Amino acid sequence: MTDLAQSMSATSAAKRGRPKKDPATAQARQKLIRSGLIHLTERGYSSVGVDEVLTHAGVPKGSFYHYFRNKEDFGGQLISAYHAYFSAKLHISFSNPKLPALKRLAAFVEDAEAGMARHGFRRGCLVGNLGQEMAALPESFRSQLICVLEDWQARTAKCLRLAQDEGTLSSTQDAKALAAFFWIGWEGAVLRSKLECDAAPLRIFSNSFFTLLTA
């Protein structure tokens, strides 16, 4: 569309009193994002085709290429969407004023286990899934995935430092290192639980981690 056509279109829309829709909030895009997250948390990036996502979402192919340049762009936006979703879950657990800090981390663990069980342990963590596939994925995903994990670790370290302020975690412990250890172990436990269709790996890891904190 030319600049003139764009201007005319904008003017026409303004006259009709219909504000221009933000593409990020369009229903078709949201359907594609939801469908993509389901498919990639269950099966990963490499084994899922765009056509499968389109069919599941009930969205025409033209809509896909209106919102995403290609599958790589779609995957990158899925990572961003999952990051926003999961960070919100962490915030809810870690900012609960009714619980002491370590109980907040335990609440997150319980909620995550319940989420996996609700889907029959078919769905894992998108970030963990893609990390396992990284050798076959677009290189652009690497830094994005690392940034997501670093953000989750920073949020967890903040929660652990609060536990130190409360006196339930020794001040000699390195909260940043413990947070990194948690996510390294947690992602492995999620992978194992998905493999075995069982919550046991999640519980084994989390019980061991909390025992380490209070030892």
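Predicted model: local features only at pLDDT ≥ 70, side-chain atom pairs only at ≥ 80, totals over all residues.

Visitor: Why is the pair of Lys89 and Asp111 called a salt bridge?

Guide: A salt bridge is a side-chain nitrogen of Lys or Arg within 4 Å of a carboxyl oxygen of Asp or Glu. Between Lys89 and Asp111 the distance from N to O is 2.6 Å, so the pair meets that definition. Lys89 sits in helix α5 (residues 71-94) and Asp111 in helix α6 (residues 101-118), 22 residues apart, and the pair thus links distant parts of the chain. Helices here are DSSP runs (H or I, at least four residues), numbered from the N terminus.

Visitor: What makes Arg203 and Glu113 a salt bridge?

Guide: Their closest N and O atoms are 2.5 Å apart, and the cut-off is 4 Å, so the name applies. The structure holds 10 salt bridges, including one between Glu139 and Arg142, and a network of salt bridges links Glu42, Arg122 and Arg123.

Visitor: Why is Glu113 called buried, and what is Arg203 called?

Guide: Buried means under 20% relative accessible area, exposed means over 50%, and partly exposed lies in between, with a 1.4 Å probe and protein chains only. Glu113 has 16% and is therefore buried, whereas Arg203 has 45% and is therefore partly exposed. Asp111, with 35%, is also partly exposed.

Visitor: What makes a space a cavity?

Guide: On a 1 Å grid over the protein atoms alone, a cavity is a set of points where a 1.4 Å probe fits but cannot get out, and lining residues have an atom within 4 Å of a point. Grid points are joined across faces, edges and corners, and a volume is the space filled by probe spheres set on the points. A search of the whole structure finds one cavity of 30 Å³ or more, and the largest cavity holds about 40 Å³ of space. Helix α5 gives the largest share of its lining, four residues, and Phe74 and Leu78 are among the lining residues.

Visitor: How do you know how helices α6 and α8 are placed?

Guide: Two packed helices are described by the angle between their axes and the distance between the axes. The axes of α6 and α8 come within 7 Å and cross at roughly 145 degrees, where axes are lines fitted to C-alpha atoms, for helices over the stretch in contact, and angles run from 0 to 180 degrees between N-to-C directions. Contact means heavy atoms within 4.5 Å, and among the residues making this contact are Leu102 of α6 and Leu160 of α8.

Definitions and conventions. Residues numbered from 1 in each chain as written. Heavy atoms only, no water. Helix = DSSP H or I, 4+ residues; strand = E, 2+ residues; numbered from the N terminus. 1 Å grid on protein atoms, 1.4 Å probe; cavity = no way out; pocket = protein on both sides within 12 Å on 5 of 7 lines; lining within 4 Å.
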